[in-house]
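Here's a quick briefing to read alongside the model. Have the structure open and follow along topic by topic.

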Amino acid sequence: DKGAKRSRPSGSGSKSKRATKRARREGELDPAAKAEKRKRFKGKVIQAVRKFVTEKFRDGSISSKDDFKHLCKHFTEKILRKERHTLSFTSSVQTKLKKYL
């Protein structure tokens, strides 16, 4: 019967609620808070990369503004990809960033 609605097995809706409550108790963030932390983390990575690339631009190692923009974008995307599970800009992340750049 194509038009018949399927009923959910009993208790299937409560599992997700219990899992959400448990995740919050264990310190996991809700999606909005996680997105906000990720946004702040990305901003700090961008600042650090821009600072490094600016030094190279002033040295003359990077010759044009287009190269400067490309390198900033490239390094930022690569670092964010590598640190995709990290939500805070800790000293270990900063050390990895300096080592990479």
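**Phe41 and the big picture**

Phe41 is buried, with a relative accessible area of 1%; buried means under 20%, exposed over 50% and partly exposed in between, with a 1.4 Å probe and protein chains only. Keep in mind that this is a predicted model, where local features need pLDDT of at least 70, side-chain atom pairs count only at pLDDT 80 or more, and totals for chains, interfaces and linings use all residues. Residues are numbered from 1 along each chain as its sequence is written, and side-chain values use heavy atoms, with hydrogens and water left out.

**Overall layout**

- The chain has four helices and zero strands, counting DSSP runs numbered from the N terminus (helices: H or I, at least four residues; strands: E, at least two).
- Reading from the N terminus, the elements go α-α-α-α.
- Of the 101 residues in the chain, 17% are buried.
- Contact here means heavy atoms within 4.5 Å. Among contacts in the chain with a separation of 6 or more, 56% come from residues 24 or more positions apart.

**Helix H2**

- The expected span is 1.5 Å times one less than the number of residues.
- Phe41, Val45, Val49, Val53 and Thr54 are the ones to look for in H2 if you want buried residues.
- H3 and H4 are included in what covers those buried H2 residues.
- Lys44 also lies in H2, which runs over residues 31-59, but Lys44 is partly exposed, at a relative accessible area of 45%.
- Lys44 and Ser88 sit 44 residues apart in sequence, with 9.1 Å between their C-alpha atoms.
- Just after H2, Gly60 has a positive phi of about 100°.

**Helix H3**

- H3 covers residues 65-82, so 18 residues, and reaches 26 Å from first C-alpha to last, close to the 26 Å expected at 1.5 Å a residue.
- Phe68, Cys72, Phe75, Thr76, Ile79 and Leu80 are the buried residues of H3. Looking down the axis of H3, they fall within an arc of 125°, so they line one face of the helix; the arc is that of the directions from the helix axis to the C-beta atoms.
- H2 and helix H4 (91-100) are what the buried residues of H3 pack against.
- Thr76, found in helix H3, counts as buried at 9% relative accessibility. Setting aside its neighbours within four places in sequence, Thr76 is in contact with Val45, Ile46 and Val49.

**The nonpolar core**

- The largest nonpolar core has 12 residues, including Phe41, Val45, Phe68, Phe75, Val93 and Leu97. Such a core is a set of buried Ala, Val, Leu, Ile, Met, Phe, Trp, Tyr and Cys residues joined through side-chain atoms within 4.5 Å.
- H2, H3 and H4 are the elements giving two or more residues to this core, and H3 supplies the largest share, five residues.
- Val45 touches Thr76, Ile79, Leu80, Phe89 and Leu97, not counting residues up to four places away in sequence.

**Aromatic pairs**

- Searching the whole structure turns up two aromatic pairs. Rings of Phe, Tyr and Trp (its six-membered ring) pair if their centres lie within 6.5 Å; planes under 30 degrees apart are stacked, over 60 edge-to-face and the rest tilted.
- The rings of Phe41 and Phe89 have centres 6.3 Å apart and planes at 50°, so the pair is tilted. Phe41 is in helix H2 and Phe89 in the loop between H3 and H4, so the pair ties together parts 48 residues apart in sequence.
- Phe89 counts as partly exposed, at 23% relative accessibility.
- Phe57 and Phe68 also form a tilted aromatic pair, 5.5 Å centre to centre with 55° between the planes. This pair links distant parts of the chain, with Phe57 in helix H2 and Phe68 in helix H3, 11 residues apart.
- Phe57 is partly exposed at 34% relative accessibility, whereas Phe68 is buried at 17% relative accessible area.
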